[in-house]
Amino acid sequence: MASHFSGVLQLTDLDDFITPSQECVKPVKVDRKQGKSVAKIQIEDDGSYFQVNQDGQRQKLEKAKITLNDCLACSGCITSAESVLITQQSHEELYRVLRLNKQSSSGEQKVVVVSVSPQSRASLAAHYSLGSSETARRLTAFFKNLGVHYVFDTGFSRTFSLLESQREFLKRFARKEEDKKALPMLASACPGWICYAEKTHGDFILPYISTTRSPQQIMGSLVKSFFTKQQGLEPQKIYHVTVMPCYDKKLEASRPDFYLNEFETREVDCVITSGEVLRMLEEEGVSLSDLEPAPLDTMFSNVCGEELLCHAGSGSGGYLHHVYTHAAKQLFGVEVEELTYKTLKNKDFQEVTLEKDGIILLRFAATYGFRNIQNLVQKLKRGKSPYHFVEVMACPSGCLNGGGQLKPVADQSNKELLQQVEELYKAEHLSAPEEDTRVAELYQTWLESVGEERARQLLHTQYHAVEKSTNGLTIKW
């Protein structure tokens with residue numbers, strides 16, 4: 001991988017990834033020039049390519065680069081066998097913006113905002129043997145020492161995502177008789193799953209997928225829409241970075257749907273992983289344990305006093321938990337105190353049912369890992385899926401085990417580390433989305449009330465089936 005990319009910026013092995021339909025192929029533009037001369041291609045020992053003309057002249061050829069947009073436009077799938085060169089999605093790009101700020105006058109500087117996911121926070125907390133909220137305060141200090149202006153928590157934007165998912169499910173449930181693809185509603189927070197669905201199953205599967213944005217992209221809306229107005233800035237004057245547990249989030253931020261054409265800026269400019277934050281700390285010669293904690297920025301943080309709050313349910317956002325308890329109460333008047341999960345084929349395929357008088361009223365499932373996702377899709381295609389809602393995540397064990405999370409240290413197993421990260425993640429005090437008064441206030445001011453067109457624009461998205469390419473270059477001879 002080219003030296004100007006982050007050393008850790010490589011797609012992590014997905015051991016149970018389904019074999020893609022074809023290899024990754026970037027559309028090739030061929031410039032045809034008139035002439036009868038014949039040239040040969042010579043490959044050097046270092047892997048570079050030279051064109052050798054008949055007169056002996058040599059010309060070095062450029063290697064094709066695959067960008068995120070190429071990747072999203074292709075009809076193959078991202079696998080561990082492919083290296084995707086991501087020019088604007090690395091911690092080095094964040095460093096570049098911070099350096100430019102120091103060299104620029106105050107009027108030309110960008111306001112740098114970093115939004116940290118709860119899963120990344122838990123991963124770093126486990127590495128440094130700190131509590132989650134303590135890690136958040138020290139991360140705030142670290143980023144601000146580098147020149148970052150604000151550090152937010154995507155647990156805040158996840159509150160919007162959970163509330164919108166609850167409302168969307170009730171609407172789908174109400175029209176399930178006339179719309180055969182209203183249910184099951186499939187969760188949409190995982191970009192790896194979305195990318196796979198668009199490329200592999202297209203128009204068949206997309207109507208089932210929730211239109212609610214992920215917490216990352218709702219935070220993008222908050223920062224580039226509401227926050228800019230609060231600060232009296234144009235969206236392009238803010239450089240928004242998120243810290244995420246997986247590489248797929250880089251793909252999500254690069255989707256054209258999240259690009260503001262009017263201002264020529266993305267809602268999320270750069271995504272770095274938990275591992276890249278560790279790399280930054282090491283490059284700065286800093287240990288998180290030695291940093292003096294800084295106060296949390298509370299504008300967009302799920303916080304009570306000095307402690308960050310968490311949502312109930314899985315380490316992947318708790319979508320199943322919150323949609324299930326809300327639906328049980330709103331549709332059937334049942335207050336669910338605790339969910340009982342039944343493990344099916346493996347620990348990454350679990351279901352929850354609501355029964356009354358021997359009749360199943362709701363059947364929800366959590367499906368993690370592409371092997372389980374494949375089984376789910378096949379059941380849907382055969383018309384045999386019994387579920388009303390499925391929390392779908394591409395990574396085995398969910399987001400806490402994302403490919404961008406920190407790796408085990410010496411003498412530590414993956415299982416031990418994951419258990420430690422999960423304990424730290426769930427140690428935070430719980431917050432009920434319906435009781436968040438600041439979110440309720442933003443619905444009335446920023447979004448002009450619940451369910452209005454503005455809320456649909458800023459909190460929801462759309463998906464695009466990727467047409468299979470029939471280019472002869474894609475055929476494996």
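In which handedness of crossing does helix 4 pass helix 9? Helix 4 passes helix 9 in a left-handed crossing, a term used where the near helix is turned anticlockwise from the far one by less than a right angle. This is a predicted model, in which local features need pLDDT of at least 70 and side-chain atom pairs count only at pLDDT 80 or more, while totals for chains, interfaces and linings use all residues. Residues are numbered from 1 along each chain as its sequence is written, and side-chain values use heavy atoms, with hydrogens and water left out.

The axes of helix 4 (residues 132-146) and helix 9 (residues 274-283) come within 12 Å and cross at roughly 60°. Helix 4 is therefore oblique to helix 9, since angles under 35 degrees count as roughly parallel, over 145 as roughly antiparallel, 65 to 115 as roughly perpendicular and the rest as oblique. Where the helices meet, with contact taken as heavy atoms within 4.5 Å, Leu139, Phe142, Phe143 and Leu146 of helix 4 touch Val277, Met280 and Leu281 of helix 9.

Elsewhere, Glu108 lies in the loop between helix 2 (91-103) and strand 4 (111-116). Glu108 counts as exposed because its relative accessibility is 56%, where exposed means over 50%, buried under 20% and partly exposed in between (1.4 Å probe, protein chains only). Glu108 and Lys237 are 129 residues apart in sequence, yet their C-alpha atoms are 8.4 Å apart in space.

Turning to the cysteines, the structure holds zero disulfides, a disulfide being a pair of cysteine sulfur atoms within 2.5 Å. For Cys246, the nearest cysteine sulfur is that of Cys395, 5.5 Å away. Cys246 counts as buried because its relative accessibility is 11%, and Cys310 counts as buried at 2%.

Note on methods:
Axes fitted to C-alpha atoms, helices over the stretch in contact; angles between N-to-C directions. Helix = DSSP H or I, 4+ residues; strand = E, 2+ residues; numbered from the N terminus.
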